[in-house]
Amino acid sequence: MEHDKDGAKPEQSFQQNADGKQGNRERMNLDDVVWAPCPKDGYKTAKIKDIGATDITVKFSDGSPGVFGYDDIYPTEKDLKRTVDDNCALMYLNVANLLNNSKERYINDKFYTYVANILVAINPYKNIKGFYDAATIKAYKGKSLGTLPPHCFAIADKSYRDMKVFNQSQSVIVSGESGAGKTENTKFMINYLVHNYGSGQSSLDAKIIEANPLLEAFGNAKTVRNNNSSRFGKFIEVHFNEKHAVDGAQFSHYLLERSRIVSQNKNERNYHIFYRLCAGAPADVKGALKLQAPEAYHYLNQGDTRLFGSQLKDPMLNDKGDFVRTENAMKKIGMAKDKRMDVFKIVAAVLHLGNVEIIDGSNGGAEVTPKGIPAINAAAELLGMDATQLIESITTRATKIPGEATLVKKALIARNAIHARDALAKALYAKLFDYVCELINKSIPAGGSSFIGILDIAGFEYFENNSFEQFCINYCNEKLQQFFNKRTLKDEMELYKTEGLKTKGVEYIDNQDMIELIEKPRVGIIDVLDEEMKLPKPLDSHFAETLYNNHRKNGRFLSPRKSPVTKYKALTDSEAFILRHFAGAVCYNVNGFVDKNTDGLHDSLLQLCATAKHSILVKMFAADAKRKTGRGKLQLKSNGSTFRTNLNILMEKLNSTGSSFIRCIKPNEKMAPQEFNGASIMSQLHSAGIPAVLELMQAGYPSRTHFSDLYGMYKKHMPAKLSKLDPKLFTRALFQALGLNTNDFTYGVSKVFFKPGKFAAFDQMMNGDPEHLREMLKKLSSGSSKPDGDTTFTAYGWRSNSKRKSSIEELQQQQFRPTGEDGSSVVDKSSFWSSSVDPRISSLDQMSSFKRRRRFRKSKNGSENWKKNAGGKKKKNASENWKKKNEKERRKKSEKCGQKWKNNEKLRKQGKRRGTKMQKIQAQMEADMARTAAEETAKRQREEQERRDRELASRLQMEQDEDASQIGLSTAPTRQKNIAKNEKGQRYDLTKWNYAQLRDFINTSSDVEMIKSCREEFARRLQAYHKWKDQNKASGQSTGTQSEARMPDNVRAMAEQAVSQTGSSAPVTVNKKQRYFKVPFNPRQGGAKLGWWYAHFDGNYVKRQMELHPNKEPILLIRGRHDLEMCELSLEKTGLTGRKGAEIFPHIFDEMWERCGGKLITDWKPPPRRKQN
Ligand SMILES: Nc1ncnc2c1ncn2[C@@H]1O[C@H](COP(=O)(O)OP(=O)(O)O)[C@@H](O)[C@H]1O
Ligand SMILES: [Mg+2]
């Protein structure tokens, strides 16, 4: 039945949902199940129990209550056990569902999941049969992302195909905390590339693969977080030739952890090679190196001396067996026996050096104890040095005496001599590590110009004590996070803009200010530290004070006193500083910063190394010896600035490549399989920037391809008729022929964009049977585009489209017609210009020339008439009279014209003045709005940063097994109070009233002031609640049906306008008037028929509300019963009072209300008022 303006009965029931996805979840209410934060699991399901102005009260399944802010609560998926490969395919894209999806997958051994093109890898801590074997390697070859289950092989293959197609090198950034699985994934990907796209020369392929275990032997160690923790970062480039086959590789390394060489925590170990040598070296080698068991060495026995494979268990590690593997790897990269022995000599010498005991001697200077003498002899022998010289170089320092030309040797105190000994050990080992990397690089050709680079570098770190190493790692992660934001968010948003796609942008914390705080010349932390080194007496405390003075006003820099962690609060500004990183605040203890920044050797030690009788040692120190200062001072070469330079080179490299990201996650601290620690995983996902990606992808299009690329790909299959089409039209024709669902993609200016997860099926189809494709294209050109066998298409996951256009001609006709939902209204601008604007310009041209010609003809006729009349006096008089008359008229006309012109001019000036005034007002308004928006954004970012700081502190606290509540780390939002006074002057905190109490009071009380306060509290809660609901709509949904919107869009828009004009904080005047309104609305965007929205305002708020839909039952709502569905705005805010013709007489409202069955509803009585306490 047609809906008429008076609201005749519509046909369909309102309860029917427009699309299958939309169910009751959209209409969440009290008692609905949601995700609520949980300190242990991240999120837990709970039922909504009350809705506050700023928060929601929930009840968990164990009966415990919880109060959370709107931003902390998320809708759940319908089926919590259903999992998806790509989180973008979730119905409600939110972090809680992502966490649940990941968990369900993880416990079922599906530990890889996508978020669009980003791979999230949760460490399984167990070997899953066949997961990385040869058959799997083969299976992923050439497959698009998404066609097979998520896997690091799919990322590797995508990089390979992108490198080929775009002729651009690629990088894969593998990040995550220590133990998250970065190195394992890196190795799997290298293996994959070499196996599938290898050179075919087995020695080259083996060298590339074997380089990793070799690096691990020297650069990995057991830590509390990972038995095989890489204590350095690496960027491995696998190079390819013109035929896209592997033809070389290059390894770059960063930030080897030096402090570990001389000391370790109780439960950690030194680098693997030390233990492997002790456990696995043949007796003759051990004899030559004078090696004993690990317990015998000071540099090992401060930590855990147990061996893997005997006392320590790890399926991947075995010290004895791994020695053989290390040696084999050394052989593979071409190290002969003597070279290998030279390397082992340095390793053993480091151990012996650690046993060189030093004490303060009787003459005040440092001395090597008798117990230490065999150790120093052994070290000197292995290094090819003279033992006496070595002792002297360790225990004395050459200094310049003022006024004397030569340097004088001065005895050091024991503490400084030990420091010099340790510095030598660290320098030896670090140089050896550089040397091994260099050998690897030399043994493998550099190869062709295109490469796939895999970056495996420590993720963001925070410990109880954070030092220079964590500072460098976190600095690096700030840069990588910026790169990630740029690649995944900023560039993406810009692309949507230039391609004309309308999508919602996302906010993310821009960390440029933090990067500047660290690396800015002169004032940045790195340069301040370098300056400190140059002072005659560099001090960590002075460095910290300078930092504090330079940056105390910087929001990213904090004094330790401001930390929420009690332990840090006790530190002074000369002992520590806090940096508020993107992932949270970290407190750095400055103790050792100056030292670690130099790690230099005394000049005499350096000379000793450079002149030693040891083939490798001499090479290792040659360059440093050349740079020596000759003043006996520490070398002024800073580790911080070297790292800054290397990092910037790396960033340049990354910027020049296409990129993919793997975010590795550590599921638990115990390194155990099947244990999923939700809270810690959530925090890691936040640090990895995943929520922002999710938000962007919810609205965006993660896959895209150029029209011209598509065209190029299928041109060869195309019949002549089709190949004449331009690429964009061809794409449209192709998609229509395939019957693609228009919700799955949209057309940009130069590319077609796909919704999350939709590209893979298309790509697979396109890479499918060429014969079939040719057939299909033929049909398209002949006009019958309906694919024969829908089965073929459903096999690929595409729906057949019965309303598909039947011919190219039809498509051509509709080419530039806006077509609404699929976004195809975004037209190629140049085409739009020529097809629709040009004709208008030419018709304007025609019009003006026609007028000109007519004017010309008129004037010609006039003069000829005049000529005809000429002759004779009569004619002369007549002519003079005519002239006079004419002259008079002309003068009159010109005066009139002049006056008119003057008036016009006056008006114009007035208008201009008014216009300028309006423009000024407008500009002012725009500036105000922009300022408010910027302030809002800054506020949100501040709050987010605070949340992250709190989260990190609480995680740290939890890891230390302390009660987070002790340090005041509650993440619950602070409730805004709404205190109201009743007639008797009693005060009530309305924020503590539950929903039913408020409703009952409104319905039963006569205390006008209290009712007003209750309503305002009610309205505030509703506003906050509906805002939350809007934010949490199911993905892929339109802006919502009328059933969810409590007022029509146009009323809402009007309301927004009214709010912006009156200001949201405008005082609400007490208004007891009953007013009635009626406005049309468009129930379905673009639909032809209008509906009517009726509202009865009792004072400032809606009491009754009615929606008349063209094809549904009317919706009648009343206050106190349907509050959650109703318009929550105050009358002022709706802007209805200013709308012409909107206000109606009460009887009109009441008549309609009754006709629609309103009486039945009004008969309902509120429950009796409950007593307040
Ligand atoms: N994909 C995987 N399959 C099986 N075990 C894994 C996997 N990834 C990591 N692991 C286990 O976790 C440990 C730590 O992984 P690793 O890659 O060294 O972490 P990271 O490099 O991030 O510090 C490995 O030694 C291994 O035991
Ligand atoms: Mg690692």
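Contact here means heavy atoms within 4.5 Å. This is a predicted model, in which local features need pLDDT of at least 70 and side-chain atom pairs count only at pLDDT 80 or more, while totals for chains, interfaces and linings use all residues. Residues are numbered from 1 along each chain as its sequence is written, and side-chain values use heavy atoms, with hydrogens and water left out.

**Annotated site**
- An unreviewed UniProt entry lists G176, E177, S178, G179, A180, G181, K182 and T183 as "binding site"; such annotations may be inferred rather than shown by experiment.

**S178**
- S178 sits in the loop between β8 (170–175) and α4 (182–197); helices (H or I, at least four residues) and strands (E, at least two) are DSSP runs, numbered from the N terminus.
- With a relative accessible area of 13%, S178 is buried (under 20%, where exposed is over 50% and partly exposed in between; 1.4 Å probe, protein chains only).
- Apart from neighbours within four places in sequence, S178 is in contact with T223, R225, N226, S229, R231 and K666.
- The side chains of S178 and S229 make a polar contact (3.2 Å), that is, a pair of N or O atoms within 3.5 Å, one able to donate a hydrogen and the other to accept it, with residues adjacent in sequence counting only if both atoms are side-chain atoms.

**T183**
- T183 belongs to helix α4.
- The relative accessibility of T183 is 9%, so T183 counts as buried.
- Not counting residues up to four places away in sequence, T183 touches E216, S230, K234 and D456.
- A polar contact links the side chain of T183 to the side chain of S230 (2.8 Å).

Technical notes: Chains lettered and ligands numbered in written order.
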